[in-house]
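Let's take a friendly walk through a protein model together. Keep the structure open beside you and look for each part as it comes up.

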Amino acid sequence: MKYYIVTYGCQMNVHESEKIATILERMGYQNCQTREEADIIVFNTCAIREGAEDRVFGNVGALKKLKKQNKNLIIALCGCMTQKEKTADYIMRTFPFVDICIGTFNLPKLGDYIEAVKAGRRRQSEILQEGDIDETIPYTRTSGDNAWVNIMQGCNNFCTYCIVPYVKGREKSRKEDAILSEIKQIINEGKYKKITLLGQNVNSYGKDLKPQVSFAQLLKDICRLDGDFSLSFMTSHPKDLTDEVIDTVANEEKIEKYIHLPAQSGDNRILKLMNRKYTREDYIKIIDKIHLKIPNCRITSDYIVGFPTETEEEFSRTMSLVEYCHYDNIFAFMYSPREGTVASKMEGQIDEKIKHDRVNKLLALIKNQQKEDK
């Protein structure tokens with residue numbers, strides 16, 4: 001029996017697919033390179049942007065022909081997109097050849113759903129509204145000499161454009177002992193030169209633990225482990241990037257001198273509408289502090305253009321912030337309304353052409369800066 005996994009979205013989804021692979025391999029499935037070879041196809045979905053959902057719908061629809069050719073083929077959808085009950089219902093109605101449609105918190109039970117389908121060919125659809133971090137399923141690691149390590153799940157920030165808190169739930173940190181134990185095992189395997197810590201907002205790690213463990217302390221404790229490895233992390237929220245974290249990155253040799261620090265906008269009114277909880281001035285202070293304490297640090301960022309009611313003048317402030325920060329790279333996105341978020345209901349939605357023009361200007365700016373640095 002063979003499996004094929006299609007992954008959409010962020011590094012956390014890539015890492016989650018490594019867990020899906022373990023579940024399938026424990027059931028006797030082996031990885032294959034094409035959908036045509038597979039006995040089960042799993043889509044691990046993303047809900048961050050509308051385009052990702054559209055690609056899922058298109059790729060799932062294309063499997064109808066394969067299902068006709070192989071009636072025993074199992075097609076499963078899981079992840080952030082299917083955590084939304086309205087979307088899951090739409091999938092089950094629109095694609096009758098989909099066998100399994102489950103949400104974010106149902107993943108540890110994937111094997112049970114597969115067995116149920118195989119036993120009676122009954123379609124399975126279930127969306128749990130919350131769940132604890134599962135420590136029982138290891139990962140079939142697929143990222144070369146880099147090992148992803150998830151340190152927490154969920155988000156408490158509720159940025160007005162973002163669906164994550166609604167599909168991933170509130171922040172839950174893994175116990176530090178469990179994280180250190182996993183990293184020790186990774187080091188002992190001797191295959192991985194790099195360890196990357198993952199979380200929707202890694203530097204809020206530990207706030208929900210009793211007793212609390214700060215993210216900076218976790219970094220220090222990992223660096224004390226014996227072994228030849230480098231350590232990095234993503235993603236950081238500016239409001240939680242403390243002086244202690246910056247100092248730790250500066251002082252610990254094992255930590256890569258790299259910080260991904262999404263700004264999202266350079267205008268204070270837009271930042272407030274986004275519920276980002278910092279100002280342009282706050283962000284600049286953090287950037288200056290990083291440059292002062294870690295002169296060789298690479299810094300990257302995310303920006304959203306065309307947020308509802310954003311004016312040309314406000315967009316120009318985003319351009320000027322990118323000019324000031326002089327990043328190594330940025331990831332620029334056009335605002336995409338996500339149903340259920342506060343921003344999707346805001347008046348003053350921006351025309352698509354204007355969003356295209358702005359994102360192209362932003363990308364041209366960073367490209368020019370990179371040319372100047374060569």
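## A helix and its cover

The buried residues of helix H6 are covered by parts that include helix H1 (11-26), S3, S4, S5 and S6. Helix H6 spans residues 110-120, and its buried residues are Leu110, Gly111, Tyr113, Ile114, Ala116 and Val117. Here, buried means under 20% relative accessible area, exposed means over 50%, and partly exposed lies in between (1.4 Å probe, protein chains only). Contact means heavy atoms within 4.5 Å. Helices (H or I, at least four residues) and strands (E, at least two) are DSSP runs, numbered from the N terminus.

This is a predicted model, in which local features need pLDDT of at least 70 and side-chain atom pairs count only at pLDDT 80 or more, while totals for chains, interfaces and linings use all residues. Residues are numbered from 1 along each chain as its sequence is written, and side-chain values use heavy atoms, with hydrogens and water left out.

## The sheet

Six strands form an open sheet with parallel pairing, in the order S2-S1-S3-S4-S5-S6. Strand S2 (30-31) and strand S6 (124-126) each have a single partner strand, so one side of each is left without a neighbour in the sheet. Two strands pair if DSSP finds at least two bridges between them. Strand S1 (residues 2-7) and strand S3 (residues 40-45) run parallel and are joined by five bridges. Val6 has Phe43 in S3 as its bridge partner.

## A buried lysine

Is Lys67 buried or exposed? Lys67 is buried, with a relative accessible area of 11%. Lys67 sits in helix H3 (residues 64-69). Its C-alpha atom is separated by 10 Å from that of Asp39, which is 28 residues apart from Lys67 along the chain.

## Two helix pairs

Two packed helices are described by the angle between their axes and the distance between the axes. Axes are lines fitted to C-alpha atoms, for helices over the stretch in contact, and angles run from 0 to 180 degrees between N-to-C directions.

| Helices | Axes come within | Crossing angle |
|---|---|---|
| H13 (residues 312-325) and H14 (residues 352-373) | 10 Å | roughly 20 degrees |
| H10 (residues 243-251) and H12 (residues 280-293) | 10 Å | roughly 25 degrees |

H10 is roughly parallel to H12. Angles under 35 degrees count as roughly parallel, over 145 as roughly antiparallel, 65 to 115 as roughly perpendicular and the rest as oblique. Asp243, Ile246, Asp247 and Ala250 of H10 make the contact with Ile286, Lys289, Ile290 and Lys293 of H12.
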